[in-house]
Amino acid sequence: MLRINDILDKAQAYLTAEELEMIQKAYIYSATVHQGQVRLSGEPYLTHPMEVAGILVDMKLDSATIISGLLHDTIEDTLTTKEQIEREFGKDVSFLVSGLTKLSRISFGSQEERQAENFRKMILAMSSDIRILMVRLADRIHNMRTLQYQKPDRRVYIARETMDVYAPLANRLGINWMKMELEDMAFQYLSPDAYNEIKSRVAKSYESRNLYTEEVKNIIFQELVKVSIQGEVEGRAKHLYGIYRKMHEQHIDFDEVYDVIAFRIILDSEKEKTCYEALSIVHALWKPVPGRFKDYIAMPKANNYQSLHTAVIGPHGERVEIQIRTRAMHEWAEKGIAAHWRYKEGRAFQDDEDSQIKKLREALEVQKDIKNPKEFMSNLKMALFPEDVYVFTPHGDVKTFPRGATPIDFAYSIHTDVGNQCIGAKVNRNIVPLRYHLQNGDQIEIITQAGHHPSKDWLKYVVTSRAISKIRNWINLEEKNSSQTLGRDLLDKEFKRNNLKFSTCVKSDEMKKILVEHSLPTVEDLISQVGYGRISPRQIVNSFLVTAEAPKGSEKLPEKTRKKAAAPSLGISLTGIDDVMVKFAINWDLRQKHAYPVHIKVVCNDRKGVLTEVSSVITSFDINISFAQVETTDMIANCMFIIDVNDLQQLNSIFSAIRQLKVVRSIERIRKA
């Protein structure tokens, strides 16, 4: 078990005596409130906050962060309150610990909802202070190191969450060692067979690989000495998940992963031009592999990573991967935002750190208003993908996007209206499809048209969380508006057909009962459900149809509303069976002996209100629409209806009227088995 003296010994190298005293106080406080609690391993619970604090002090983070590591579970797992933390350790620590507290005391409908809300809380808190994320990552590191004590299903769940969210977060902060350790530990539990095989094969090749590594290192070092370039050369095997990912993505065997060893040239000079001089020496030694050179110095990664990457055919014909960087670049590459941590009077960051945090916040904050847990988690994972495609605006500004990004992603990165009104794009002055994948160095120009709107098809080939969120928002709003218009029109006509007035019935107690029956909060939601085709207007009307002689004590409809009491609809009765949900494709009414359900498909140009436009034509024939739905693909709207017609002549008349609409391309009757 890590001891408090171990933590204090490391911390005294960069913290004041007063800060060390507060860390000692936090240790005693944590030990007191967690007394008697044990982990699944059987160890005292205190071992966990101690290990978290140890990771934070190794990263040389400030005293408030280390104290928060010691106290991060106190509010969640003990009787400690936020107010008590503030009294003992100040507002700063109280805020951090509160932001780290999971929503364990709140009831959720599913584990997925709890997971989404915990991450949403973390994102909101992180927007105010990035240190919350640093402690959460250290917490996850230690939990992964002791994952073997969890039940098998929990191991997989936690490992998947680590691979999907925490490892990418560490990567976005540039903390390479943490990202690699999280990936390897998650890989061990997600694909144990593959993990063990790769681990075994790497171990078997250790001796020969070590000899080869020393040979390459000596050759490079001697060539650098000849031209008076000072520095060191490192060589080590890539982490296991990195090897597995390469095998999986390129569909190759372990023996075909030639660049298992990654070499680094770390230069003493802080001048960027020295890196390029070292690159020329490497390329003079061995033949470069085409297409494998990447300049992350001129164009850093989204997490501010800088280095030159190249691959060459090294000694004995082996392919070798080499990275070239200055010491400052190397420190950032390994430690990321923790490399140059500065903290004074609340918070103060270096310019490069502030820029990095801003990028991460912008990528994550767009997710916080998404209500659906599945959509939230999907978008969160998408937002964390590494951004490594660099393109230019027409004015020469550089923008970064994930691999697979399209001109639509680019358009939404400029402005929501530019994205919504995008009708085309030029890449390097040539027209390209909107599905085109952006490439490094592309210059992008977006073509817009006022009044144009997004297509649901766009969701198939956009990758940025901002674009996905904006397109979904627009589609949801449009579908809601269309469903409202169509639903109200269908209900008005169905109520009128039965000598009822919908606007009056809306205010009745019967309508309140209908809302409760369908678990809907408002009448507007009911209207939308009718417009979506999920509830039949006939189903609503039937609740208001009463016999001429209502039962004694029952509440009658107002006389003005009930112009003429309609006879009850003869339906289908199920007896002897309870608690069974029955769904009818159409409405049955034995009084209408010549009404037949007909499935029709109307293909139209995709534009706002197209479903309402076609529906209005159908209902003008006093025809009931029992189902209506629209799907859009490539600017085409496929409108599907089920309508009740009396005969073929009436159907032909409806078809003829629909064909007169300018938006209609074709109409056909669909035969159902």
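Predicted model: local features only at pLDDT ≥ 70, side-chain atom pairs only at ≥ 80, totals over all residues.
Biologist: In which sense do E5 and strand E6 pair, parallel or antiparallel?

Modeller: Strand E6 takes in residues 319-326, and six bridges link it with E5. Within this pairing, Leu308 stands opposite Ile324 in E6, while the bridge partner of His309 in E6 is Gln323. The sense of the pairing between E5 and E6 is antiparallel.

Biologist: Which residue in the turn of the hairpin formed by E5 and E6 has a positive phi?

Modeller: A hairpin is formed by E5 and E6, and five residues lie between the two strands. In the turn there is a residue whose phi is about 65 degrees, and that residue is His316.

Biologist: How many of the eight residues of E6 are buried?

Modeller: A residue counts as buried when its relative accessible area is under 20%. Strand E5 (residues 308-313) is mostly covered, with five of its six residues buried. E6 is largely enclosed by the rest of the structure, because its count of buried residues is seven.

Biologist: Turning to the open sheet of three strands, which strands stand at its edges?

Modeller: The order in this sheet is E10-E9-E11, and the pairing is antiparallel. Each edge strand has a single partner strand, so one side of each is left without a neighbour in the sheet, and these strands are E10 (430-432) and E11 (444-448).

Biologist: Which helix packs on that sheet?

Modeller: Strand E9 (residues 422-427) is joined to E11 by five bridges, and the two run antiparallel. Within that pair, Lys426 stands opposite Glu445 in E11. The helix that packs here covers residues 407-414, touches E9, E10 and E11, and makes about 80 degrees with the direction of E11; its name is H18.

Biologist: Are helices H10 and H11 roughly parallel or oblique to each other?

Modeller: Helix H10 (residues 176-190) and helix H11 (residues 192-204) have axes 5 Å apart and pack at an angle of about 120 degrees. Their contact involves residues including Phe187 and Leu190 of H10 and Pro192 and Ile198 of H11. Angles of 65 to 115 degrees count as roughly perpendicular and those over 145 as roughly antiparallel, and the pair of H10 and H11 is therefore oblique.

Biologist: How many residues does the largest nonpolar core have?

Modeller: Among the residues with the most contacts inside this core are Ile23, Leu71 and Met178. Ile23 touches residues including Ile4, Leu8, Ile66 and Leu70, with those up to four places away in sequence left out. Another core, of 45 residues, lies apart from it, and Phe495 and Val663 are among its members. The number of residues in the largest nonpolar core is 67.

Biologist: Does Ser68 count as buried or exposed?

Modeller: Ser68 has its place in helix H4 (residues 63-71). Beyond its neighbours within four places in sequence, Ser68 is in contact with Val93, Leu96, Val97, Leu100 and Val135. Because its relative accessibility is 0%, Ser68 counts as buried.

Biologist: Finally, what percentage of the residues in the chain is buried?

Modeller: The secondary structure of the chain comes to 26 helices and 15 strands. The chain exposes about 34300 Å², of which carbon and sulfur atoms supply 50%. Of the 673 residues in the chain, the buried share is 48%.

Methods:
Residues numbered from 1 in each chain as written. Heavy atoms only, no water. Helix = DSSP H or I, 4+ residues; strand = E, 2+ residues; numbered from the N terminus. Buried < 20%, exposed > 50% of the residue type's maximum accessible area, 1.4 Å probe, protein only. Areas by Shrake-Rupley, 256 points an atom, 1.4 Å probe, with all protein chains shown as cover. Pairing = 2+ DSSP bridges. Contact = heavy atoms within 4.5 Å. Axes fitted to C-alpha atoms, helices over the stretch in contact; angles between N-to-C directions. Core = buried A, V, L, I, M, F, W, Y, C linked by side-chain atoms within 4.5 Å. Parallel < 35°, antiparallel > 145°, perpendicular 65-115°, else oblique.
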